[in-house]
Amino acid sequence: MPRSVAAYLADVIDACDAIATVLAGVELAAYQQDRAIRSAVEREFILIGEAIASIRRADPQIAERISHTRMIVGFRN
């Protein structure tokens, strides 16, 4: 059974929260020097892109209400 759009939206929110948590108190220089932090953030952006792509397939009308869906999916790629 396919996942619901609400589940994909929850994935996006969870990924955004994870990015905020990982980056809390991290300066740009520290981010640039720490591969583990960069990898964690990049992975969350991949999850966001995958979730948005799934929403676009599952319900294009809802996807139209999300700003910049093409750019989000493109960023993932």
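I began with a definition: a contact means heavy atoms within 4.5 Å. With that in hand I asked what covers the buried residues of α1, and the cover includes α3 (35–58) and α4 (60–64). I keep in mind throughout that this is a predicted model.

**Entry 1. Overall layout**

I looked up the secondary structure next. The protein has five helices and zero strands. From the N terminus the order reads α-α-α-α-α. I then took the extent along the principal axes, and the C-alpha atoms fill a box of roughly 40 × 20 × 20 Å.

Of the 77 residues, 23% count as buried. The exposed surface comes to about 5,500 Å², and carbon and sulfur atoms supply 56% of it. I also looked at contacts between residues at least 6 apart in sequence, and 48% of them join residues at least 24 apart.

**Entry 2. Helix α1**

I tested the length of α1 (residues 5–23). Its 19 residues should span 27 Å at 1.5 Å a residue, and the end C-alpha atoms are 27 Å apart, so the two agree.

Which residues of α1 are buried? I found Val5, Tyr8, Val12, Ala15 and Ile19. They cover an arc of only 80° around the axis, so they sit on the same side of α1.

Just after α1 I noted Gly25, which takes a positive phi of about 80°.

**Entry 3. Val5**

Val5 lies in helix α1. Buried or exposed? Its relative accessible area is 14%, under the 20% limit, so Val5 counts as buried.

I listed its contacts, leaving out residues up to four places away in sequence. Val5 touches Ile55, Ala58, Asp59 and Ile62. Ala58 is 53 residues from Val5 along the chain, yet their C-alpha atoms are separated by 7.0 Å.

**Entry 4. Helix α3**

I ran the length test on α3 as well. It has 24 residues and reaches 34 Å from its first C-alpha to its last, close to the 34 Å expected at 1.5 Å a residue.

**Entry 5. The core**

I went to the largest nonpolar core, which has 14 residues. Val12, Ile48, Ile52 and Ile55 touch the most other members. The elements that give two or more residues to this core are α1 and α3. The largest share, seven residues, comes from α3.

I followed Val12 from there. Not counting residues up to four places away in sequence, Val12 touches Ile48, Ala51 and Ile52.

**Entry 6. Salt bridge**

How many salt bridges does the whole structure hold? My search found one. Asp11 pairs with Arg3, and the closest N and O atoms are 2.6 Å apart.

I checked the accessibility of both partners. Asp11 is at 26% relative accessibility, which makes it partly exposed. Arg3 has a relative accessible area of 42% and is also partly exposed.

I looked for His68 and found it in the loop between α4 and α5 (69–76). Its phi is near 60°, a positive value in a residue other than glycine. His68 has a relative accessible area of 54%, over the 50% limit, so His68 counts as exposed.

I compared its place with that of Ala40, which is in helix α3. Ala40 is partly exposed, with a relative accessible area of 28%.

Definitions and conventions: Residues numbered from 1 in each chain as written. Predicted model: local features only at pLDDT ≥ 70, side-chain atom pairs only at ≥ 80, totals over all residues. Heavy atoms only, no water. Helix = DSSP H or I, 4+ residues; strand = E, 2+ residues; numbered from the N terminus. Expected span 1.5 Å × (residues − 1). Buried < 20%, exposed > 50% of the residue type's maximum accessible area, 1.4 Å probe, protein only. Arc of directions from axis to C-beta. Core = buried A, V, L, I, M, F, W, Y, C linked by side-chain atoms within 4.5 Å. Areas by Shrake-Rupley, 256 points an atom, 1.4 Å probe, with all protein chains shown as cover. Salt bridge = Lys/Arg side-chain N within 4 Å of Asp/Glu carboxyl O.
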